[in-house]
Amino acid sequence: MRETSMTTLSQLNDLAYNYWWSWNQDVWNLFSSINKEVWAETRNPVLVLKNTKDLEASLNNEDLKKKVGDLHSRLVTYLNRKDTWFAKNFANTKGPIAYFSAEYGIHEALPIYSGGLGVLSGDHVKSASDLGIPMVFVGLFYSNGYFTQRINEDGKQLDLYGKFQPENLSLTPVTTKNGEALVFDLELAERTIKVQAHKAMVGSSELYLLDSNHPANSEADRLLTAKLYGGDREMRISQEVILGIGGVKLLKALGIEPAAFHMNEGHSGFFQLERIKNAMKERSMTFDEAKILCASNCLFTTHTPVPAGNEAFSLPLMHKHFFKMIKGFNISWERFVELGIVPEKSDYKYFSLTVFAINVARFYNGVSELHGKIAQKMWRDQWPQVPEVENPMSHITNGVHVQTWMALDVKNLLNETVGTKWEDELANHDFWKKAGDISNSEIRETKVALKAKMISLVRAQLKKQLKENNESQKEIDAVDTYLDDKTLVIGFARRFATYKRATLIFKDLKKLEALVNNPERPVAFVFSGKAHPQDVPGQKYIEEIYKFSRMPSLKGKVIILENYDMNISRHLVSGSDVWLNNPRRPMEASGTSGQKVPINFGLNFSVLDGWWREAFDGNNGWAIGEEKDFANDEIQDYEDAMDFYKTLEQTILPLYYADKAKGENGSSAAWIEKTKISFVTNISRYSTHRMVQDYMTKFYAPAIAYGDKYKNNGDLIKTYLDNRRALKMNWKAMYFTYVHFDGNHVEVPSQFDKSWKSPLHHVEYPAEVTFPGRVFETNEAHIHVGTYLGDLKPESVVVEAVICDLKTDEVKTEKLRLKGPLEDGVGHFELKFKANDSKKIRFRIYGHDNFLVHPFEYGYMMWY
Ligand SMILES: *Cc1c(COP(=O)(O)O)cnc(C)c1O
């Protein structure tokens, strides 16, 4: 690049139009130094460039020019890296991978996110760029964004909507090769609308945002994409059609041919229909063939363990939007509806986008280990014969983009202590052990600075709120006495969905009052969060906390800030000493806000749900409650609240104030030591670098390979469909005809005495793998199993022994070998099996072919 001839202005433009700036706080300081007011007001570099008078003249400053030049060359170096993680590990893998999501949290100046799901997508975009993974991201441009929240003098949430002009953001219009705005037609119910798009560069990741706000559309259609999660069901389905179907149309118009697809939540799932339509047309395929082809390189990630949180549409609404398209597929409407049907109530049916997504993808995951298990259970009906613990629903635990959520003060500290190359080591656990050697005094100094910044934001924001609510000057002035850096501050901020139980700590008000008013060991709480405009109970929680915060006994000790966004989030996760997370287990699929805390030397105090259940090691923070299930919400809430008070009073506060007796104020040495443990144990494991690497290795690379195989070999699709059809036609007749053992010292279990059982008996399957087979002791067992296969080819099934070691509880499986040709449809299988200890054993048979993504994906399984 000809850097030397570039003017400072064009360098500034480059910096402003790549969201690389959103995780490089040095760039914020630069833009703030150009125009402090505009920056403070908007935190938007494009508006700084647009709204600074005599910009060019003000750039005539050697110091500034140098700063711009330095940052610009950092950006250029970043964009031109050749030795990325992807380049090193996947040199022969071709992309790109297309990722679809309804929301993205890149920065508060682009308010197209509502909470954790969006921030996760945004962090995914950024880590993909850091790792050099070729990805394109597709979303919607919400010109009114998500709502701006006010909390009025009665504690009521008011939902206000701003107006965001794409030309005032770090976006560029998507154009055709000739440079004209790219606009395409999209069929929506009975009409055709125009759709345009804006592009955000996020490092080297491309994020495309679709937008229906085109002058040729009707007023109503122009507003379709205006509000994130706004409007009624009709608007929602329209948005999802624009996102999914429009997204595929856009990529096609741009000549982008993704090698794999990632469906982030069911919202975006309709993209598969457009892909299927294209495959049918371009490859003269049937619907079923095209569906298999399109599924072969598609991953679906589910995020919602709350059944009601899973998107579903009524059948008439589906009919209105898809009947015509499905007719063109030459399948019956019923066949299509079956791909998404969940009979929720007996007389009412919904089309579930989660069920649909499972049916049109071949890779599936939840977002933490526990959530993976919950998702296996929730969606087990998709593979009803397979024990839920073994079904294809997998998991990858969420993470956060460290450079976005780590405060600049901490980054500077790392540069001085662990070296300036730490950004290349974010997923390297061993590297981070050396952070344990950073001196306590440096950490304390850094944390005090972060806490001061948080307190100053909290006070300023609170004063603004009080002013807007016409409070007295006395009340407003009092805010300057709220919080101080010697008081333990606990943060709680996230969406106010009721399962997150924002009001849990108020369960026993007397206990809380005693804790916050203890002059020896004071503690204060800062809350913030929006409730969805239609979530009345969530809004009630806001009102309750607001009212508590006004009680004389809690004033200044319990604070609630309005309009939670990524800016408030950054301040709270970096400034708080402790991060509180008390969802009703197991409803928090992962949670990510707590992952932003250890990297800023804070500590988590959380229910053992989602990510924290994996991360908590007894030493790096605290747990609320135990890992157990409750039959009753009230008992659960009560027990968790009591445990919260107990741990706070008996463990957390004494540790924080441990050095007070020695005359030291603020956090103790032991506290700082604990924050280091928290830092070292969490930073690499819960970063999106680790997460995106996992996605690449576990899903994207295999999906790309599968997609290639299926694309280049039409026979594979036919084999898959033929096998599935044969399994379906023969499965009810399939049964075990005999099981024998021979060999030394074999105790033949009585259950196996009878070699003949009625087929019906075997149609049962266990809800989980249990091992009712009998114990036997042997050196070598020779096992013979016969199965009646009817018309099925023996290579279409696997006969397998599931063996459980009684001492260790370890389970392993051994495939049986076919002994010879079938006899009257009976296959004879055998296994020679060494067993020195007592085992329990069962046999199963399941549908198989050589090209499955998951061994049980056909779903056919029968047990002996
Ligand atoms: C990180 C983040 C979240 C996620 O919070 P959870 O506690 O995981 O629900 C939500 N909103 C914002 C603005 C965030 O930055």
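The domain bounds on this tour come from an automatic or database domain assignment. With that in mind, colour the chain in four pieces: domain 1 (3-79), domain 2 (85-398), domain 3 (409-686) and domain 4 (725-863). Residues are numbered from 1 along each chain as its sequence is written. This is a predicted model, where local features need pLDDT of at least 70, side-chain atom pairs count only at pLDDT 80 or more, and totals for chains, interfaces and linings use all residues.

**Stop 1: where domains 2 and 3 meet**

Show domain 2 and domain 3 together; their centres, taken over C-alpha atoms, are 33 Å apart. The contact draws on 34 residues from domain 2 and 32 residues from domain 3, where two residues are in contact if their C-beta atoms, placed from the backbone, lie within 7 Å. On the domain 2 side, pick out α8, β3 (148-151), β4 (157-160) and α16 (369-378), the elements that give two or more residues to it. Helices (H or I, at least four residues) and strands (E, at least two) are DSSP runs, numbered from the N terminus. That side of domain 2 has 11 nonpolar, 17 polar and 6 charged residues. Here Ala, Val, Leu, Ile, Met, Phe, Trp, Tyr, Cys and Pro count as nonpolar, Asp, Glu, Lys and Arg as charged, and the others, Gly among them, as polar.

**Stop 2: the ligand**

Why does the ligand lie between domain 2 and domain 3? Both domains give residues to the shell around the ligand, so it sits between them. Select G116, R494, S569, G591 and S593, which come nearest among the 14 residues around the ligand; a residue is near if its C-beta atom, placed from the backbone, lies within 6 Å of the molecule. By class, the shell has 3 nonpolar, 7 polar and 4 charged residues.

**Stop 3: strands worth a zoom**

Go to β20 (residues 603-607) and β21 (residues 621-624), which run parallel and are joined by 4 bridges; strands pair if DSSP finds at least two bridges between them. V607 has I624 of β21 as its bridge partner.

Now jump to β6 (residues 184-188) and β7 (residues 191-202), an antiparallel pair with 5 bridges. E187 is partnered with T192 in β7. The hairpin has 2 residues between the strands, and A189 there takes a positive phi near 50°.

**Stop 4**

Which peptide bond ending at P96 is cis? The one from G95, with omega near -10°; find P96 in the loop between α7 (85-89) and β1 (97-100). Another cis bond runs from R585 to P586, with omega near 0°, and P586 is in the loop between β19 (578-581) and β20. Finish at Y229, which is not a glycine but has a positive phi of about 50°; look for Y229 in the loop between α9 (219-222) and α10 (233-253).
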